[in-house]
Amino acid sequence: MKKIFAMLAAFACAAVFSACNDQKAEQSTADESLNKVKAAGEFVLGLDDSFPPMGFRDKDNNIVGFDIDLATEVCARLGVKLKTQPISWDAKEQELNTGKIDCIWNGMSVDSARAAAMNLSDAYLTNRMIFTVKDKALTKLEALKGKKIAVQNGSTAQKLLDASEAGKAAKEIVPFDDNQTALMDLDKGGVDAVFLDEIVAKYWIVENAKDYIVLEEGLSDEVYAVGFRKNDKALRNAVNSTLAAMKADGKFDEIYAKWFGK
């Protein structure tokens, strides 16, 4: 009997020791993402700074935009300052995972690859992927057969276009570093169409007083989200809850109306 009690006591001690070790391991891997941002006093936002109206440079070279206004308000409510960090959009995941930025917040479309690579926020805006053209004769999607179509390199638009019938029927898919450069090439006649976000296309057309056509036939609807590192759940949750509060108290709608109207 004494031997049995001794064995039970040993098992109990082992269980306690194991539980303590598990607790220490959990503490050592605790998610400090939000605390780190608050300790640093700044939230570093990675963006393609040529993506109006989400994030871009104004005439005075300041980075402005709808996403910038949203993030500025989120930071004010979290008690930190916003720092905008331009990055290469094609290398955004690397920039995030090396710790150079705290998030990717720049009209980033959600797809399965990004959901696997990042910890995404709740969707905060809807969008449609469309073709815009300068030539008034190109009013239908089928008219783009044998034409040159521009798209931003590393974007979900590029993946979608590459896999589509419209992309396969094109004479050439021409990648550009950003949508503005692609649209300027359309203006010069270098390409016949640009495939991009409807929000970006319509804003650019109005701002530059261009008489371009946005084809009724797009390829997909999508949503925008903010991307964080996989383990940075605390920071993501804080941004999620703050955006939800902004939608509830009307601040989100106020910022939306500033950039897109009512």
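## A tour, stop by stop

Start with Ala209, in the loop between helix H9 (198-207) and strand E12 (213-214). Helices (H or I, at least four residues) and strands (E, at least two) are DSSP runs, numbered from the N terminus. This is a predicted model: local features need pLDDT of at least 70, side-chain atom pairs count only at pLDDT 80 or more, and totals for chains, interfaces and linings use all residues. Residues are numbered from 1 along each chain as its sequence is written, and side-chain values use heavy atoms, with hydrogens and water left out.

Is Ala209 buried or exposed? Ala209 is exposed, at a relative accessible area of 71%. Buried means under 20% relative accessible area, exposed over 50%, partly exposed in between (1.4 Å probe, protein chains only).

Next, select Asn61. Asn61 sits in the loop between E3 and strand E4 (63-64). Its phi is positive too, about 70 degrees, although Asn61 is not a glycine.

Now pick Pro52 and Pro53. A cis peptide bond joins them, with omega about 5 degrees. Pro53 belongs to the loop between strand E2 (50-51) and strand E3 (55-57). These stops stand out because most residues other than glycine have a negative phi, and most peptide bonds are trans.

**The whole protein**

Zoom out. The protein has 11 helices and 14 strands. Of its 262 residues, 44% are buried. Take the contacts (heavy atoms within 4.5 Å) with a separation of 6 or more: residues 24 or more positions apart account for 75% of them.

**Asp178**

Select Asp178. It lies in the loop between strand E10 (172-176) and helix H8 (179-188). Asp178 is buried yet has no salt bridge. A salt bridge here is a side-chain nitrogen of Lys or Arg within 4 Å of a carboxyl oxygen of Asp or Glu. Which side chain of opposite charge is nearest to Asp178? It is Arg57, 11 Å away. For charge, Lys and Arg count as positive and Asp and Glu as negative; His and the chain ends are not counted.

Show what surrounds Asp178. Its side chain reaches the backbone nitrogen of Thr181 at 2.8 Å. That is a polar contact: a pair of N or O atoms within 3.5 Å, where, within protein, one must be able to donate a hydrogen and the other to accept it, and residues adjacent in sequence count only if both atoms are side-chain atoms. Leaving aside neighbours within four places in sequence, Asp178 is in contact with Asp48, Ser50 and Gln152.

**Ser164**

Move to Ser164, in the loop between helix H6 (156-163) and helix H7 (165-169). Ser164 is buried, with a relative accessible area of 11%. Its side chain reaches the backbone oxygen of Leu161 at 2.8 Å.

**Salt bridges**

Display the charged side chains. The structure holds 12 salt bridges.

Begin with Lys258 and Asp69. Their closest N and O atoms are 2.8 Å apart. Lys258 lies in helix H11 (residues 251-260) and Asp69 in helix H3 (residues 66-78), so the pair ties together parts that are 189 residues apart in sequence. Lys258 is exposed, at 57% relative accessible area.

Then go to Asp111 and Lys159, which meet in a salt bridge at 3.6 Å, N to O. Asp111 is in the loop between strand E6 (103-104) and helix H5 (112-117) and Lys159 in helix H6, so this pair links parts that are 48 residues apart in sequence. Lys159 is partly exposed, at 46% relative accessibility.

Next, Lys251 and Glu254. Their salt bridge has its closest N and O atoms 3.0 Å apart. The two are three residues apart in helix H11, so about one helical turn separates them. Lys251 is partly exposed, with a relative accessible area of 23%.

Finish this set with Glu73, Arg77 and Asp249. Salt bridges that share partners join them into one network.

**The largest pocket**

Last stop. The largest pocket holds about 220 Å³ of space. Which of its 15 lining residues are closest to the centre? Select Glu32, Ser33, Lys36, Arg229 and Asp232. Helix H2 (33-40) and strand E1 (42-47) are the elements that give two or more residues to the lining. H2 gives the largest share, four residues.

How it was found: on a 1 Å grid over the protein atoms alone, a pocket is an open set of points where a 1.4 Å probe fits, with protein on both sides within 12 Å along at least five of seven lines; lining residues have an atom within 4 Å of a point. Grid points are joined across faces, edges and corners, and the volume is the space filled by probe spheres set on the points.
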